[in-house]
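Q: I have this one open on my screen and would like to go through it. Can you take my questions as they come?

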Amino acid sequence: ENIGCRPCHVVGDDQPTRNFRLKEGNNYGPELNRVGDKVNPQWLFDWLKDPKRFRPKSHMPNMRLTDQEAMDMVAYLMTLNTSSAIRESVDFSWLEDLDSEEKITQGANAIRSYGCFGCHDIKGMENEKKVSVELSDFADKEAEELFFGDAIAEGKVGGETWDDWVIGKLKNSWIYATEMVEQKMPNFGFSEENASILMMLLKSFNKISISEEYTEKLKPDEIAIEEGKILLQRNNCLSCHIVEGHGGDVESQIVKTFMGEGKTEEEARAFAPPSLEGEGAKVQPDWLYRFLKNPVTLRPWLRVRMPTYYFSDEEAIIMERYFSKVAKQEFKYEYVEDRKIPKDMLQAAKLLYSKDYFDCFSCHQIGDKKPEGDPSGWAPDLTVAWQRLKPEWIENWIRDPQAIQPGTKMPSYYPDSYPDDILGGDPEKQIRAMKDYLMSLRKEERY
C-alpha cells in the first residue's frame with residue numbers, strides 16, 4: 001500500500017495502470033493474487049531485496065527495502081494463495097510420477113515444439129534452434145504465399161492482402177489455425193493500433209521505401225523526446241508521475257489509503273508522488289542525472305519511494321535530455337556564488353524567509369529539521385535547492401507558483417501581498433534576493 005508496488009502489480013480487484021504510449025491496460029509486473037502458490041519465502045525475500053541479482057535485465061527496480069520491510073512483505077505475499085478448499089478439490093495425482101523418464105521426455109518435447117527457450121533460459125536447451133520463421137525478409141512475401149485458413153470465409157479478417165494477414169495474425173495469433181494446421185505463436189492480444197504499428201515495422205524490413213503517410217523524419221530534438229518516452233514507458237514512470245499531461249495513476253490508490261486513515265482528500269493528495277510537468281525547466285541537468293543514477297529522499301513524509309532503477313549513464317542522459325527538450329530548455333551549468341551576493345540582499349532575504357514575514361520554514365524542511373504540524377502540509381528541503389533547482393525557475397516559482405503548478409499549497413505573495421518595508425518595496429528585488437539566499441543555503445548553513 002505504501003512504498004509503491006501497486007503501480008506495477010495487480011493485487012485484489014486493482015486494475016492495471018495505463019500509460020501514454022500503449023493507450024491500453026498494461027500491468028508491468030505479474031499479478032500477485034496467487035504468488036504464494038508459486039514461490040517460496042526465502043527466494044521471495046532475496047528477490048525483493050535485489051531483483052537484478054536474479055535477473056539483470058528485469059524491469060523490477062530496487063525499492064531499497066530494509067530487512068524488516070522485506071520480511072513483512074513476504075509474510076503478506078505468502079498469504080496470497082489458493083484457498084485450502086480449492087486446493088483440496090484439485091487432483092494432484094499427476095505429481096506422483098514427476099520423475100518418470102517418459103513424462104520428462106514428453107515435457108522436453110513440448111518445450112521444443114513450442115520454443116519456450118526462445119524467451120526463457122532452460123538448462124540443456126541453450127543451443128536449440130528457433131521454432132518460427134525468419135522475419136527479416138517476411139515483408140517480401142506475396143499475399144498468395146500466406147495461409148489464411150478459413151479466416152476469410154468466416155469473415156475473421158478484413159481482406160486478402162499482406163497487411164490484412166499480418167494485422168489478423170497479431171490481433172489473434174491462432175486465427176489461421178485449422179484441424180490440419182497447428183498454430184504455436186503465443187497470443188499477445190495486440191490492439192488494432194499496436195498491431196498496425198508492428199505491421200509497419202515488419203513492412204519496413206524489405207528495404208523498399210514506405211509510403212510517406214507511414215513515415216516521419218524526426219528532428220534531433222524530436223528524437224530526444226521519443227527516446228525519453230520509450231524509457232518512461234519501459235520503466236512505468238507514468239504510473240506514479242504526471243508527464244506531458246499523462247500518468248499519475250497511483251494517486252487514486254494513495255488518496256484512498258490516506259482517507260481511510262482519516263485524512264481529507266486534499267491532505268491525502270499531498271502524499272502522492274510529485275508531478276514532473278516542467279521538470280526540465282525546474283531542475284539542473286547535472287542534478288537530475290545524479291538523482292536518476294542514485295535517488296535520494298527529497299520528501300521524507302512520503303511513504304511511496306522513488307525506486308533505484310540502475311539506469312546506465314546513457315539512459316540517465318536520455319532521460320535528462322528528454323525533460324530538457326520537452327520543457328524547451330538548453331543544457332547549461334548554473335551556479336550562484338555566495339560571495340558575489342550583496343550582504344544587504346542576503347539580509348533582506350533572511351527577513352522575508354523569517355517568521356516575521358513569509359515564515360517559509362514553517363512548511364519547508366531545513367536539513368534534518370522537519371516542520372511542525374501534519375506532514376500533509378510539509379514542503380521539500382530547501383538546503384538542497386542550490387544544487388537541484390534552476391535559479392530562473394526559483395524566481396518564477398516565487399513570483400507565481402500557481403502559474404507553474406495549479407493547485408499547489410505554496411502561497412502567492414506577489415504581486416499583491418509582499419511587504420513594502422524591505423528593499424524599498426521593490427517586488428523584483430525581493431524575489432531576486434530570496435532566490436540568491438536560497439542558492440546560498442547548505443545543510444550546514446546559518447538559517
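**Salt bridges and other local features**

A: Start with arginine 303, which is partly exposed at a relative accessible area of 31%. Keep in mind that this is a predicted model.

Q: What does arginine 303 meet in a salt bridge?
A: Its partner is glutamate 261, with 2.8 Å from N to O between the two side chains. Glutamate 261 sits in the loop between helix 10 (250-259) and helix 11 (265-269), and arginine 303 in the loop between helix 13 (285-293) and helix 14 (313-326), so the pair ties together parts 42 residues apart in sequence.

Q: And glutamate 261, is that buried or partly exposed?
A: Glutamate 261 counts as partly exposed, at 44% relative accessibility.

Q: Which residue forms a salt bridge with lysine 263?
A: Aspartate 374 does, and the closest N and O atoms are 2.5 Å apart. This pair links distant parts of the chain, 111 residues apart: lysine 263 is in the loop between helix 10 and helix 11, aspartate 374 in the loop between helix 15 and helix 16. Aspartate 374 is partly exposed, with a relative accessible area of 34%.

Q: What about glutamate 395, what does it pair with?
A: Glutamate 395 forms a salt bridge with lysine 435, where the closest N and O atoms are 3.5 Å apart. Glutamate 395 lies in helix 17 (residues 391-399) and lysine 435 in helix 19, so the pair ties together parts that are 40 residues apart in sequence.

Q: Why does glutamate 395 count as buried?
A: Because its relative accessibility is 18%, and buried means under 20%. Lysine 435 counts as buried as well, at 10% relative accessibility.

Q: Which residues are in the network with Glu395?
A: Salt bridges with shared partners join Glu395 to Arg399, Glu428, Lys435 and Asp436 in one network.

Q: How many salt bridges in the whole structure?
A: A search of the whole structure gives 19.

Q: Changing topic. Which residues make up the patch of negative charge on the surface?
A: The patch is formed by Glu134, Asp137, Asp140, Glu142, Glu144, Glu145 and Glu160. One of them, aspartate 140, is in the loop between helix 6 (101-114) and helix 7 (162-171). Aspartate 140 is partly exposed, with a relative accessible area of 45%.

Q: Which residues other than glycine have a positive phi?
A: Asparagine 236 is one of them, with phi near 60°. Aspartate 359 is another, at about 50°.

Q: Where is asparagine 236, and is it buried or exposed?
A: Asparagine 236 lies in the loop between helix 9 (220-234) and strand 1 (242-243). It is buried, with a relative accessible area of 6%.

Q: And where is aspartate 359?
A: Aspartate 359 is in the loop between helix 15 (343-353) and helix 16 (385-388). At 24% relative accessibility, aspartate 359 counts as partly exposed.

Q: Last topic, the overall picture. What does the secondary structure come to?
A: The chain has 19 helices and 2 strands. Of its 447 residues, 39% are buried.

Q: What radius of gyration does the chain have?
A: The chain has 28 Å, whereas a compact globule of 447 residues would have a value near 22 Å. The C-alpha trace spans about 90 × 60 × 40 Å along its principal axes.

How values were computed: Residues are numbered from 1 along each chain as its sequence is written. This is a predicted model: local features need pLDDT of at least 70, side-chain atom pairs count only at pLDDT 80 or more; totals for chains, interfaces and linings use all residues. Side-chain values use heavy atoms; hydrogens and water are left out. Patches are made of residues with over 30% relative accessible area and no salt bridge: like charges are joined within 9 Å, nonpolar side chains (Val, Leu, Ile, Met, Phe, Trp, Tyr) within 5 Å. Accessible areas come from the Shrake-Rupley method with a 1.4 Å probe; for residues, only the protein chains shown count as cover. A salt bridge is a side-chain nitrogen of Lys or Arg within 4 Å of a carboxyl oxygen of Asp or Glu. Lys and Arg count as positive and Asp and Glu as negative; His and the chain ends are not counted. The place of a charge is taken as NZ of Lys, CZ of Arg, CG of Asp or CD of Glu. Helices (H or I, at least four residues) and strands (E, at least two) are DSSP runs, numbered from the N terminus. Buried means under 20% relative accessible area, exposed over 50%, partly exposed in between (1.4 Å probe, protein chains only). The radius of gyration is taken over C-alpha atoms; the globule rule is 2.2 Å times the number of residues to the power 0.38.
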